[in-house]
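I opened this model to look up its ring contacts, its surface and its backbone. My notes follow in the order in which I took them.

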Amino acid sequence: MPGQETGPSLVDVLTGVTNPSGKLVYTIAKNERDYPARVTYTGTPIVQIDYYEKLNVDYRYFDNNSIAPLFEFGFGLSYTKFQYSNFRCTGPTANQVLYSGSTNDTSIVQSFSLTITNVGTVAGAEVAQLYISYPASAGEPPKVLRGFEKVFLSPGASSTVSFPLSGMELSIWDVITQKWSMVMGNYTAMAGASSRDIKFTLPFEIVTRLTPTTTTTTTTTTTT
C-alpha cells in the first residue's frame, strides 16, 4: 500500500529530480490470451491455475512462441541514455569451456564483460543483462538469463561489468540421471538492456577437451 511519502516520490520521478532506473522482472503482454496460464473459476473459494509451459516461463514462453510483448522482461525507462560497447569473452580458455565431467562444478568456467557509458546529461543506473542460448539438443528455451549487473553512472562516466559463470550455471538438469549435466556443443552469449533489447551476441563452445582457438569479440557500439 502507498505510504505518506508516495506523492512526493512520484513528483520527484515525474519532474526528473530522481531518475527511476528500474527494470521489469516479468513480461507484460499486449493481450490476455498471450499468457500461457489461465485462471479457472470453479465456483468455490479455490482458484485453479494450470501451468503447461514447463521451462518456458514468462519471457521464455514469449520467445519460444514468437509473441511480441507490450513491455518485455528487463524493460525499463530512464531520463538518460546508455551506450554498450566492448562485449568480450574473458574466460580462462577464451571462447571454449572445458567440461570436467563434474555434476556440481561451482568453479568459474567462463566469463564475459562489457562497458557501459552514460552518454546522456542525467545521472542514472543501468542494469546490463546476460542471456545464454543453449544447443538445440539441450531442450532449453531460446535464451535464459544467467547474469545481471546494475551500475550507477554520472553523465559521461563509464564502467566495466563482468558476468562470471560457474559450471553449474551452464548446466541443465538431466531427468534421466537425476543430475546436473553440461551439454557439449555451440552456445551463444547475449548481452543487452532487456530480453528483447539484445546489443551483442558472442559464440562459445563447451568441449570435452581443449583445442586451439581464438577469442571472438564484438566491437560494435550501441546506445540505448
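**Rings and charge**

I began with a charge on a ring: the charged end of Lys 199 lies over the ring of Tyr 84, 5.6 Å from the ring centre. I count a charge as over a ring if NZ of Lys or CZ of Arg is within 6 Å of the ring centre and within 35 degrees of the ring normal.

The model is predicted, with local features needing pLDDT of at least 70 and side-chain atom pairs counting only at pLDDT 80 or more, while totals for chains, interfaces and linings use all residues. Residues are numbered from 1 along each chain as its sequence is written, and side-chain values use heavy atoms, with hydrogens and water left out.

**Aromatic pairs**

I searched the whole structure and got 11 aromatic pairs. Rings of Phe, Tyr and Trp (its six-membered ring) pair if their centres lie within 6.5 Å; planes under 30 degrees apart are stacked, over 60 edge-to-face, and the rest tilted.

Phe 87 and Phe 112 are stacked, because their ring centres are 5.8 Å apart and their planes at 25°. Phe 87 is in strand β3 and Phe 112 in strand β5 (residues 108-118), 25 residues apart, and the pair links distant parts of the chain. Strands (E, at least two residues) and helices (H or I, at least four) are DSSP runs, numbered from the N terminus. Both Phe 87 and Phe 112 are buried; buried means under 20% relative accessible area, exposed over 50%, and partly exposed in between (1.4 Å probe, protein chains only).

I then took Tyr 187 and Phe 204, which are stacked because their ring centres are 5.3 Å apart and their planes at 25°. Tyr 187 belongs to strand β11 (residues 185-192) and Phe 204 to strand β12 (residues 198-207), so this pair ties together parts 17 residues apart in sequence. Tyr 187 is buried at 1% relative accessibility, and Phe 204 is buried at 2%.

I also noted one aromatic cluster, formed by Phe 87, Phe 112, Tyr 134, Tyr 187, Phe 200 and Phe 204.

**Exposed tyrosine**

I looked up Tyr 51 in the loop between β2 and α2 (59-64). Tyr 51 counts as exposed, because its relative accessibility is 57%.

**Backbone**

Asn 86 has a phi of about 55° and is in strand β3 (residues 82-89). At 33% relative accessibility, Asn 86 is partly exposed. Gln 178 has a positive phi of about 60° and is not a glycine either; Gln 178 is in the loop between β9 (172-174) and β10 (179-181).
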